[in-house]
Amino acid sequence: MTQQDMVVCGKCGGVNRLPPACNAIEAKCGKCGTRLFSGHPEDVDAAGFDRQIARTSLPVVVDIWAPWCGPCKMMAPAYEAAASELEPHVRLIKLNSDNAQAVAARLGIRGIPTMILFHGGREVARTSGAMTAGQIVRWVRDRLPTVAA
């Protein structure tokens with residue numbers, strides 16, 4: 001965590017300041033009181049996706065998926081496990097491409113599942129295809145050497 005990280009609450013969308021002395025795992029949203037890091041990826045809609053990418057200062061990994069996608073369903077528990085390992089240094093979110101078709105088109109999604117890593121509001125890396133939890137964690141850490149192991 002860097003000086004004064006900003007984290008968007010997955011429940012209410014409130015933007016929260018996390019001072020360096022704060023125990024991020026225990027941090028709660030100042031607006032709604034929900035824990036900011038639950039160890040579970042947050043499902044977001046199009047507006048929630050845009051807010052997370054634009055306002056969260058931490059790296060954000062988004063899993064673009066669909067409920068009818070077999071590989072997406074297979075990867076869901078692995079993505080969940082990766083979230084519990086990567087938080088609070090990285091925010092993990094899920095975007096249903098069926099419900100957010102305009103965002104998926106804007107991102108140029110051609111196949112799912114696709115994971116995109118954002119930092120500072122910009123895309124850093126992307127990969128397509130189902131992965132294990134270990135592969136997801138390794139993929140993120142290989143692209144963000146500052147993320148604690």
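The model is predicted, so local features need pLDDT of at least 70 and side-chain atom pairs count only at pLDDT 80 or more, while totals for chains, interfaces and linings use all residues. Residues are numbered from 1 along each chain as its sequence is written, and side-chain values use heavy atoms, with hydrogens and water left out.

**Exercise 1. Find the buried side of helix α1 and state what covers it.**

Step 1. Helices (H or I, at least four residues) and strands (E, at least two) are DSSP runs, numbered from the N terminus. Buried means under 20% relative accessible area, exposed means over 50%, and partly exposed lies in between (1.4 Å probe, protein chains only).

Step 2. List the buried residues. In α1, which spans residues 46–55, these are Phe49, Gln52 and Ile53. They lie on the same side of α1, because they cover an arc of only 90 degrees around the axis. The arc is that of the directions from the helix axis to the C-beta atoms.

Step 3. Look at the opposite face. Turned away from the buried side, α1 carries the exposed residues Ala47 and Ala54.

Step 4. Name the cover. The elements over the buried residues of α1 include β1 (5–8), β3 (42–44), β4 (60–65), β5 (91–96), α3 (101–106) and β6 (114–119). These are assigned by contact, meaning heavy atoms within 4.5 Å.

Step 5. Check the start of the helix. There, a side-chain oxygen of Asp45 comes to within 3.3 Å of the backbone nitrogen of Ala47.

**Exercise 2. Describe how α2 and α4 pack.**

Step 1. Two packed helices are described by the angle between their axes and the distance between the axes.

Step 2. Read the values. For α2 and α4 (residues 133–143), the angle is about 50 degrees and the axes are 8 Å apart. Axes are lines fitted to C-alpha atoms, for helices over the stretch in contact, and angles run from 0 to 180 degrees between N-to-C directions.

Step 3. Classify the angle. Under 35 degrees counts as roughly parallel, over 145 as roughly antiparallel, 65 to 115 as roughly perpendicular and the rest as oblique. α2 and α4 are therefore oblique to each other.

Step 4. List the residues in contact. α2 contributes Met75, Ala78, Tyr79, Ala81, Ala82, Glu85 and Leu86, and α4 contributes Ala133, Ile136, Val137, Val140 and Arg141.

Step 5. Turn to the buried side of α4. Ile136, Val137, Trp139 and Val140 are buried. Because they cover an arc of only 160 degrees around the axis, they lie on the same side of α4. They pack against β4, α2, β6 and β7 (122–128). On the other side of α4, Arg138 and Asp142 are exposed.

**Exercise 3. Describe the surroundings of Asp63.**

Step 1. Asp63 lies in strand β4 and is buried, with a relative accessible area of 0%.

Step 2. Find a polar partner. The side chains of Asp63 and Lys94 make a polar contact at 2.8 Å. A polar contact is a pair of N or O atoms within 3.5 Å; within protein, one must be able to donate a hydrogen and the other to accept it, and residues adjacent in sequence count only if both atoms are side-chain atoms.

Step 3. List the contacts. Leaving aside neighbours within four places in sequence, Asp63 is in contact with Met75, Tyr79, Ile93, Lys94, Leu95, Pro113, Thr114 and Met115.
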